[in-house]
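These are my notebook entries on a structure I opened today. I record what I looked up, entry by entry.

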Amino acid sequence: MKLANKEYTVDSFLEEISNHETKYFEESKERKWLKTFLLYVESDWLQLFKKFNPEKNGELYYFMIPNSKEDKPTEYYATQFTDGLIMIFTFETQDEYTKTLQRYINKKRGITQMWIKPEIFKQIRNYLIENYQSYITSFIAKRTWSSEISSQYRPRINRTIHYYGEDGIESIKELEHLYGVSPTLIDFKIGSDSLRITNEGMFVFHTLEITKTRIVLEIINSILLEQRHLHKISTSIESHLEKIQFGNNSIDVRQIESGLIKFSRPLETILARKLLGEANELDIGRSQDDELEFSFIDKDIKDERGLLFSATVIDKLKSSVFGITGTKDEITCVPMHRTTFESFIRFYKLISESVDSSAQLGIVSDPIVAK
Amino acid sequence: MIQLLQNDQPIDDKPFIEFLKLDSLKKKYSDEIEKLTQQLKKEFEDPVEYQAKYKMHDGEIIKDRNHRQVVNACIYPFSQKGKLTKLGYYFIRTEPLLEKGISDVDFVIESPKKQIAIFGEAKTSTVNASKIISEMKTRKKVIEENEQYLQQTHVPNSNKFEYVFGTHAIETRDLYARIVESNEKFVSWQYGGFDDNSNILSIYVPESVTKETREKVMHQDDELNRNLVRVNTNITYKNILPKSHPLAMMSILTWIDRENDPDNDDKKGTFRLKDLLEIFAIELEKFSNELIEKLTKKTIHEAVEIGFVRELDETDTYKIISQSSDPEARYEDLKRKWIDHAIKKAKNRKLLEKKLKLQSKMREEKLRIQPPIDSYFKEDVSGK
């Protein structure tokens, strides 16, 4: 669905949709909702969409991606929110998005969905409850057996809870406490409108009213500091040859900046083994998602004098290769070949979701100061 | 190092059987060969025996990895942005004398500013400390003899050479004691903590050290001595060293292919020589192009030999032969193929060895039964 050709800002774009709802939607059988996707990108982000020939409409860029099954291509608007962070607006269904743009993003180096870590996702939830008197009508919450989050009942279980009920605000807290789950998708009711948010940076609006759609901008602003920090750290993890000058001479030396993930509590050996895919005898190997993304070769786990493990990690989607060395306190991620910043974000996500949700990502030359 | 035989094929028995001529001998030989074949089959293919051999090869792979880990622990802090690179000490390369084909050390680090080059050996076991120290003495001599070459190539800015041992913390104290005894000028670096496996590198010097000893066991640069204390390091950095186990060299093939390159969707599971050369050039930084190419081609050749890789019609293009495209599954596949191949080679070698011995024995026996015809024409003084 293409808007009139104008010089848009995000605001005027949302206004255009809001003011001309009937013009754009008429009598479509299937009501399409406005979706916003937040993505992390490398600096020259427009290059990433070059093959779709984006059309400039002010600050927004319009492009289409052919859909192999349908005759009609899918349509998107992209804009930069700030350096390293872009927003995609679309009216396509989730399914169509998954088959087109998401598939492209998954494999394209230099771009990734903006993962929102649990404590920040909680921040968003509280923001909407406090500032918009919204309430939660449904949510999806998950737990990995190895999570360090406490669970009153049977902590060593993988679980997914889909909850529907007008008392979502209370239920989320109760289920978090009783079953140690963390929400990944929440449906909010704000007045008579609804808004869905996922921890992969997807927003779905069941309204086109600008007072509501602008919420996405407020939310991004509220979490911007943390998200920019994550982007900055992950893009700092790299390896290159540098010319060192001294007097009239110079030599080329390799300069590395490795990532450092610090655990919030000592890592047990069994979890290191699970991470490396060596815990299969306990019948709790990796989840399907993990297997999809990272592969570990040349694995080594030593335990006699304290945990020390290492492996070469391959990000199968982005073809990055990096090495990890881990102890009970931290994991270092050493860039090796063709690494790209999003591999480190997604590896950090893997650690956060399956091992330690309070683990912090930093870089070796500037370790995080304990909060 | 295992010597590679020119032709690992079992020798053709026919000509030898022909040579034996006599039926009794022929039968004996065939029976012996049969016995030999069965014996070796039992030795190499029996599941228990096979497992033992598999474990032995696995042990070699692990040993090689352990060594590489200590090398990485020593060199990493000189590449990672931090205290030591700020001081101006940089990791240059591994095996600096390899192009000359002479006895070498594991790595060299240089500070162009301070004009110091540090040559180091990583050791995973210091059980034979005196041998280790005398070997290092020899290497030191070789390095000094090649000072000019080194200054023209890898350490152009250094006029002071130092020597260092990198070891796991639990080995450091013992080796240090022996170094002091030997009176050599070798510095000791320790990887890890004394009480645990922390990921740090430190210079090891006991608290009370005489000035005289201090000069021998510490670096000339006091700034380095002060900063090389509990420095963050890593055991993952280089995936291959020039003398790494073939499995380590080939492990790169488990993730190299262009399969996931979105611009090359039709090239699944294939790679070109130049793709591997690119990776080897980074792993073996500062090595001559000739040596990089030689090692790269050797790795591909070996991978073809064990059936992990197949050459395609397109020039210098290869395909990975593996059930899975997942690197982890491929690595297991590669390991199995390598070990199976090594065991088969050992079996063929043993078969060849024993056959040759048997043939020699049979030859003697034949001579006894059927001496050569000219012996009948030897001059018989006793006269007939």
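This is a predicted model: local features need pLDDT of at least 70, side-chain atom pairs count only at pLDDT 80 or more; totals for chains, interfaces and linings use all residues.

Entry 1, salt bridges. I looked up the total and found 51 salt bridges over all chains. One of them joins the side chains of Glu200(A) and Lys349(A), at 2.8 Å from N to O. I then checked where the two partners lie. Glu200(A) sits in the loop between strand E10 (193-198) and strand E11 (202-205) of chain A, and Lys349(A) belongs to helix H10 (residues 341-354) of chain A, so the pair ties together parts that are 149 residues apart in sequence.

Entry 2, extent of the interface. I asked how many residues each chain brings to the contact. Chain B gives 43 residues and chain A gives 46 residues. For the area buried between chain B and chain A I read about 4000 Å², with carbon and sulfur atoms giving 50% of it. Within chain B, the residues that lose the most area to chain A are Lys81(B), Asn197(B) and Glu328(B), which together make up 17% of what that side buries.

I count six salt bridges between chain B and chain A. I looked up the one between Lys316(A) and Asp326(B), whose closest N and O atoms are 2.8 Å apart.

Which elements of chain B each supply at least two residues to the side that touches chain A? I noted helix H3 (47-75), strand E1 (90-94), helix H11 (273-283) and helix H13 (327-369) of chain B. H3(B) provides the largest share of that side, four residues. Sorted by class, the side of chain B that touches chain A holds 15 nonpolar, 16 polar and twelve charged residues.

I traced an open sheet of six strands in chain A, ordered E15-E16-E17-E18-E14-E19, with antiparallel pairing. Strand E15 (294-302) and strand E19 (360-363) of chain A are at the edges and have a single partner strand each, so one side of each is left without a neighbour in the sheet.

The antiparallel pairing of E15(A) with strand E16 (residues 308-315) of chain A runs over seven bridges. There I found Ile301(A) opposite Phe309(A) in E16(A). I also noted that H13(B) packs on the sheet, where this helix touches E15 and E16 of chain A, and that its direction makes about 60° with that of E15(A).

Strand E12 (residues 238-246) and strand E13 (residues 249-257) of chain A run antiparallel and are joined by nine bridges. I located Ser239(A) opposite Ile256(A) in E13(A). E12(A) and E13(A) form a hairpin with two residues between them, and I recorded a positive phi of about 65° for Gly247(A) in the turn.

I traced an open sheet of seven strands in chain B, ordered E1-E2-E3-E4-E5-E6-E7, with mixed pairing. Its edge strands are E1 and strand E7 (231-232) of chain B, each of which pairs on one side only. Strand E6 (residues 200-203) of chain B pairs with E7(B) in the antiparallel sense over two bridges. I identified Val231(B) in E7(B) as the bridge partner of Leu201(B). Helix H5 (residues 129-145) of chain B packs on this sheet and touches strand E3 (116-123) and strand E4 (160-168) of chain B; I read about 150° between its direction and that of E4(B).

How values were computed
Residues are numbered from 1 along each chain as its sequence is written. Chains are lettered from A and ligands numbered from 1 in the order in which they are written. Side-chain values use heavy atoms; hydrogens and water are left out. Contact means heavy atoms within 4.5 Å. Buried area is the accessible area (1.4 Å probe) that two parts lose on being put together, summed over both. A salt bridge is a side-chain nitrogen of Lys or Arg within 4 Å of a carboxyl oxygen of Asp or Glu. Ala, Val, Leu, Ile, Met, Phe, Trp, Tyr, Cys and Pro count as nonpolar, Asp, Glu, Lys and Arg as charged, and the others, Gly among them, as polar. Two strands pair if DSSP finds at least two bridges between them. Axes are lines fitted to C-alpha atoms, for helices over the stretch in contact, and angles run from 0 to 180 degrees between N-to-C directions.
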